[in-house]
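The following note sets out comments on the model under review. Please read it alongside the sequence and the coordinates.

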Amino acid sequence: MNTTSIKVEGMTCGHCKSSVEGALGKLSGVSKAEVDLSANQVSVEYEEDKVTVNEMNEAIEDQGYDVVQ
């Protein structure tokens, strides 16, 4: 199991948190996604043989938020 932190701009509220965590949770291979609104980042536990960081970034951006590289 791997862990990564993804910096995300545009998340400001509980709905934003739920939206991003929900989108990541639907990806096969993601076991846990936790948004920290004050730090503007998402901590994700995942299996790298099932999902890539790029796929996670796309899922976040599909919700209307900007991933900061």
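The numbered points below treat the basis of the model, its strands, its core, its salt bridges and several individual residues.

1. Basis of the model. This is a predicted model, in which local features need pLDDT of at least 70 and side-chain atom pairs count only at pLDDT 80 or more, while totals for chains, interfaces and linings use all residues. Residues are numbered from 1 along each chain as its sequence is written, and side-chain values use heavy atoms, with hydrogens and water left out.

2. Annotated span. The UniProt record, an unreviewed entry, carries the annotation "domain: HMA" over residues 2-68; UniProt positions are given in the numbering used here, feature names are shortened, and annotations may be inferred rather than shown by experiment. In the model, residues 2-68 are 33% helix and 36% strand, and the end C-alpha atoms of the span lie 20 Å apart. Helices (H or I, at least four residues) and strands (E, at least two) are DSSP runs, numbered from the N terminus.

3. Strand 2 (residues 30-36) and strand 3 (residues 41-46) run antiparallel and are joined by six bridges; two strands pair if DSSP finds at least two bridges between them. Aspartate 36 has glutamine 41 of strand 3 as its bridge partner. Four residues lie between the strands of this hairpin. Asparagine 40 is placed in the loop between strand 2 and strand 3, and its phi is near 55°, a positive value in a residue other than glycine. With a relative accessible area of 28%, asparagine 40 is partly exposed; the classes used are buried (under 20% relative accessible area), exposed (over 50%) and partly exposed (in between), with a 1.4 Å probe and protein chains only.

4. Nonpolar core. A nonpolar core is defined as a set of buried Ala, Val, Leu, Ile, Met, Phe, Trp, Tyr and Cys residues joined through side-chain atoms within 4.5 Å. The largest such core has 19 residues, and those with the most contacts inside it are Met11, Val20, Leu24, Val42, Val44, Met56 and Ile60. At least two residues of this core come from each of strand 1 (2-9), helix 1 (14-25), strand 2, strand 3 and helix 2 (53-62). Helix 1 gives the most, with four residues. In soluble globular proteins, nonpolar side chains tend to be buried together. Isoleucine 60 touches Ile6, Val8, Val20, Leu24, Tyr65 and Val67, residues up to four places away in sequence not being counted; contact means heavy atoms within 4.5 Å.

5. Salt bridges. How many salt bridges does the model contain? The count is three, a salt bridge being a side-chain nitrogen of Lys or Arg within 4 Å of a carboxyl oxygen of Asp or Glu. Glutamate 21 and lysine 17 meet at 2.8 Å, N to O; both lie in helix 1, four residues apart, about one turn of the helix. Lysine 17 is partly exposed at 29% relative accessibility. Glutamate 34 and lysine 32 meet at 3.6 Å, N to O, with glutamate 34 partly exposed at 42% and lysine 32 partly exposed at 41%. Between glutamate 47 and lysine 50, the closest N and O atoms are 3.7 Å apart. Glutamate 47 is partly exposed at 28%, as is lysine 50 at 47%.

6. Two buried polar residues. Serine 19 lies in helix 1 and is buried, with a relative accessible area of 14%. Its side chain makes a polar contact of 2.8 Å with the side chain of glutamine 63; a polar contact is a pair of N or O atoms within 3.5 Å, where within protein one must be able to donate a hydrogen and the other to accept it, and residues adjacent in sequence count only if both atoms are side-chain atoms. Leaving aside neighbours within four places in sequence, serine 19 is in contact with Gln63 and Tyr65. Asparagine 57, in helix 2, is buried at 8%. With neighbours within four places in sequence again left aside, asparagine 57 contacts Ile6, Val67 and Gln69.

7. Aspartate 66. This residue lies in strand 4 (residues 66-68) and is partly exposed, at 48% relative accessibility. Neighbours within four places in sequence aside, aspartate 66 is in contact with Lys7, Val8 and Glu9. The C-alpha atoms of aspartate 66 and methionine 11 are separated by 9.0 Å, although the two residues are 55 residues apart along the chain.
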